[in-house]
Amino acid sequence: MSALFKRLACAVPLGVLLALCAPVQAQMPPVDSSTAPPVRGNATAFLEMEVDDRDPYVQQSVGVVVRLYYASQLLSGELGLDAPDGASMQRVGQDRSLVREVNGRRYNLVERRYLLIPERSGPLLLPGARFEGRAAGGFFDEMFGGGNGRLRATAPDQPLQVQPQPAAAPQPWLPLHDLRLRYTAAPTRARAGEAVTVVVEAVADGATRAQFPELPEIDAGADAQVFAEPAQYDESFNGSTPQLKLTRRYAIVPRQPGTLVVPGLRMPWWDVRNAQAQTATLPDLTLNVGQGSSAAPATPPPQDTREALPDGESGTGSPALPAAAPARPWGWIAAAGGFALLWLLTLAWGWRRRRQPVASATTPPAGTRRAPTLAQLRQHLDTGSLDEVIATLAGMGGLRGLDDVLAALAEPDQRQALQAMQAARWSRDGGGVAVARQALRRAFHDGPHWRHVASTDHTRLAPLYPPGR
């Protein structure tokens with residue numbers, strides 16, 4: 001009996017530890033066992049992997065969802081998924097914690113999402129996710145010596161067949177499950193010289209922000225000016241498929257009254273489900289433009305002087321002479337201009353006097369901008385464009401442009417990888433771009449190697465150990 005009380009005393013701090021370490025779980029209604037994933041027997045922990053497309057195209061965004069089911073509280077654990085050869089992969093978003101019932105047993109569920117982008121065509125084997133952890137043993141497990149608390153689970157590998165970029169695919173290459181365009185604000189009336197706002201929303205299934213191009217500009221011709229604001233992005237998942245919602249605002253300023261027809265946007269893309277080219281379109285906008293306050297000319301034309309004739313005259317004879325303009329008080333104007341000039345000079349002198357001591361005490365020295373890190377370089381090598389990679393390398397070396405970066409690199413492999421990526425960028429071969437990107441990641445895996453290393457400045461301090469005599 002004394003041993004029993006000792007076990008009860010030890011269980012109290014363990015329960016407190018589990019309450020602190022256990023993830024916050026959303027209490028959801030149990031799912032029927034018929035819809036739950038198959039599991040062998042009554043396992044304490046098992047893994048499930050879901051891939052949204054097993055026959056993707058090159059550079060297509062493939063959503064991967066990993067689900068960990070465990071029936072007991074976890075003290076520690078590690079859930080991992082390795083990137084396959086010939087593809088890049090990154091974790092997306094935060095983990096989700098749920099509760100489900102499988103085969104009559106209640107499981108805690110952790111759901112994690114990844115984004116897989118194949119870089120070359122052909123077979124691709126995605127290794128199964130793996131989990132290793134330690135569970136908190138219950139009171140009866142400790143009492144009767146059941147289990148050591150260690151949990152291990154592995155999901156089966158997922159084979160994929162990557163298709164090459166079709167020859168008839170529109171450019172830029174944009175493989176998607178679906179693309180929808182719509183107006184969220186589409187006015188029908190406007191006034192000349194005044195701006196009206198048009199808002200366009202694009203929803204792309206199977207794309208991320210890094211992959212999706214900018215929405216095209218609205219071309220209203222010579223009858224209006226168009227000003228576009230930067231787009232707003234919202235990335236999420238629709239099941240296991242990544243989804244991107246993009247919103248962009250356009251300000252349209254008609255130049256003159258009348259009817260203004262604004263052509264709708266058009267975006268070509270490749271339908272990965274039906275293997276054919278598609279074009280997302282918006283209908284044209286028709287604006288009834290009325291007279292605006294700012295549409296009248298600032299200076300009336302000379303022929304308008306006939307309107308000043310009295311009523312009853314035809315106005316076909318000699319035009320009426322304009323009335324003599326009243327004399328302007330040039331003396332007062334000159335005095336006011338002089339006072340304004342003196343005020344500006346006094347203001348500038350006071351600003352400079354206050355600026356000098358502040359600048360010497362608080363202005364940071366030039367070159368204090370933080371350089372990009374190796375982690376940022378690797379991220380751009382995985383999912384960024386060539387311009388982002390070049391900008392990151394230039395920032396790491398304090399250089400400008402691709403030519404300076406090529407001249408400063410010491411390794412021939414790094415220079416050749418950059419030149420190969422630049423050449424493949426302008427080619428129509430999607431596989432060539434993928435091979436070039438892979439070579440670029442290998443060459444810059446541990447960062448750029450520069451020709452010259454800046455020497456440290458002399459500190460003007462005495463050496464720590466004086467030279468021997």
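A crossing is left-handed if the near helix is turned anticlockwise from the far one by less than a right angle, and right-handed if clockwise. I noted this before looking up the helix pairs.

I am working from a predicted model, in which local features need pLDDT of at least 70, side-chain atom pairs count only at pLDDT 80 or more, and totals for chains, interfaces and linings use all residues. Numbering runs from 1 along each chain as its sequence is written, and side-chain values use heavy atoms, with hydrogens and water left out.

Entry: α5 and α6.
I take helices as DSSP runs (H or I, at least four residues) and strands likewise (E, at least two), numbered from the N terminus. α5 passes α6 in a left-handed crossing. The axes of α5 and α6 (residues 401-408) come within 9 Å and cross at roughly 55 degrees. α5 is therefore oblique to α6. Axes here are lines fitted to C-alpha atoms, for helices over the stretch in contact, with angles from 0 to 180 degrees between N-to-C directions. Angles under 35 degrees count as roughly parallel, over 145 as roughly antiparallel, 65 to 115 as roughly perpendicular and the rest as oblique. From α5, I390, L393 and A394 meet G401, L402 and V405 of α6 (contact means heavy atoms within 4.5 Å). I sorted these residues into five nonpolar, one polar and no charged. Nonpolar covers Ala, Val, Leu, Ile, Met, Phe, Trp, Tyr, Cys and Pro, charged covers Asp, Glu, Lys and Arg, and polar the others, Gly among them.

Entry: α4 and α5.
I find α4 (residues 374-383) packed on α5 at an angle of about 165 degrees, with axes 9 Å apart. The two helices are therefore roughly antiparallel to each other. The crossing of α4 and α5 is left-handed. L374, L377, H380 and L381 of α4 make the contact with E388, V389, T392, L393 and M396 of α5. By class, I have six nonpolar, two polar and one charged residues there.

Entry: cavity.
I searched the whole structure and got one cavity of 30 Å³ or more. A cavity is a set of points on a 1 Å grid over the protein atoms alone where a 1.4 Å probe fits but cannot get out, and lining residues have an atom within 4 Å of a point. The largest cavity holds about 30 Å³ of space. I list its lining as L381, G384, S385, L386, V389, M421, R437 and L440. α5 (386-397) and α8 (430-443) each supply at least two of the lining residues.

Entry: backbone.
The Q171 to P172 peptide bond is cis, with omega near 5 degrees. I place P172 in the loop between β9 (158-162) and β10 (175-176).

Notes: On a 1 Å grid over the protein atoms alone, a cavity is a set of points where a 1.4 Å probe fits but cannot get out, and a pocket is an open set with protein on both sides within 12 Å along at least five of seven lines; lining residues have an atom within 4 Å of a point. Grid points are joined across faces, edges and corners, and a volume is the space filled by probe spheres set on the points.
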